[in-house]
Amino acid sequence: MSAYKIPSRLQELGSDIQRSQLKYHDRRVAVTKEFTFDAAHHLHAYDGKCANLHGHTYRVVMTVSGRVNDIGIVVDFGDLKRLFEDVIKKRLDHQYLNEVLPPMNTTAENMIVWMWEELERALTDMGEERDVRLERLELYETPTSRASLERAWMS
């Protein structure tokens with residue numbers, strides 16, 4: 001077993017590696033980021049507990065793909081966070097979903113399609129030069145219950 005070696009110095013751009021080497025490839029790569037928001041809702045025409053007003057800590061798993069830029073990044077994770085917060089979280093977090101979403105039954109199945117449409121519109125504006133696009137979206141209503149969408153299903 002080899003011992004962990006502490007580097008004697010950090011690699012330096014311009015001497016140890018050139019800027020032209022930072023982009024290792026030109027392939028499409030997917031990146032994924034997870035988010036949460038809290039909200040209340042109830043379901044119409046539903047025979048069960050969810051007909052009553054109740055809340056969830058929703059978890060959203062967003063996967064986008066694109067080609068890397070000149071330094072090897074498809075999209076900065078911080079940019080994905082800002083995108084989610086601007087497009088989804090600021091509209092839904094700590095809200096009564098039946099009031100703030102378009103007229104629909106606020107099921108995970110309906111909500112995820114609305115989220116996809118909103119996120120895809122914003123991503124198109126954000127990443128045209130590298131063809132950044134939404135590939136997969138998951139909406140967890142509970143830790144064990146979720147709805148999911150993939151790009152092919154949205155055609």
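**View 1. E85 on helix α1 of the predicted model.** E85 sits in helix α1. The residue is partly exposed, with a relative accessible area of 31%. T36 lies 49 residues away along the chain, yet the C-alpha atoms of E85 and T36 are separated by 9.8 Å.

**View 2. The largest nonpolar core.** This core holds 34 residues. F37, M62, V64, M115 and L139 have the most contacts inside it. Two or more residues each come from β1 (28–41), β2 (54–67), α1 (77–92), α3 (108–126), β4 (133–142) and β5 (145–150). Helix α3 gives the largest share, 9 residues. Nonpolar side chains tend to be buried together in soluble globular proteins.

**View 3. The surroundings of M62.** Residues up to four places away in sequence are left out here. M62 touches V31, T32, K33 and F35, among others. Its contacts also include L80, L83 and L119. L134, R136 and L137 are on the list too.

**View 4. S65, a buried residue of strand β2.** S65 has a relative accessible area of 2%, under the 20% limit, and therefore counts as buried. Its side chain makes a polar contact with the side chain of R28 at 2.7 Å. Beyond four places in sequence, S65 touches R28, V29, A30, V74, D131, V132, R133 and E135.

**View 5. The β4–β5 pair.** Strands β4 and β5 run antiparallel and are joined by 6 bridges. A hairpin connects β4 to β5 through 2 residues. L137 stands opposite L149 in β5.

**View 6. A salt bridge between R136 and E150.** The two side chains meet at 2.4 Å, N to O. This pair links distant parts of the chain: R136 is in strand β4 and E150 in strand β5, 14 residues apart. R136 is partly exposed at 24% relative accessibility. E150 is partly exposed at 31%. A network of salt bridges links R136, E138, R146 and E150.

**View 7. The D70–R19 salt bridge.** The whole structure contains 14 salt bridges. In one of them, the side chains of D70 and R19 meet at 3.0 Å, N to O. D70 lies in the loop between β2 and α1 and R19 in the segment before β1, so the pair ties together parts 51 residues apart in sequence. D70 counts as partly exposed at 43% relative accessibility, and R19 likewise at 46%.

**View 8. R133 and E135.** These residues form a salt bridge, with their closest N and O atoms 2.4 Å apart. R133 is partly exposed, at 28% relative accessibility. Both R133 and E135 are among the residues that S65 touches.

Key
Residues numbered from 1 in each chain as written. Predicted model: local features only at pLDDT ≥ 70, side-chain atom pairs only at ≥ 80, totals over all residues. Heavy atoms only, no water. Core = buried A, V, L, I, M, F, W, Y, C linked by side-chain atoms within 4.5 Å. Buried < 20%, exposed > 50% of the residue type's maximum accessible area, 1.4 Å probe, protein only. Helix = DSSP H or I, 4+ residues; strand = E, 2+ residues; numbered from the N terminus. Contact = heavy atoms within 4.5 Å. Pairing = 2+ DSSP bridges. Polar contact = N/O pair within 3.5 Å; in protein donor to acceptor, adjacent residues only side chain to side chain. Salt bridge = Lys/Arg side-chain N within 4 Å of Asp/Glu carboxyl O.
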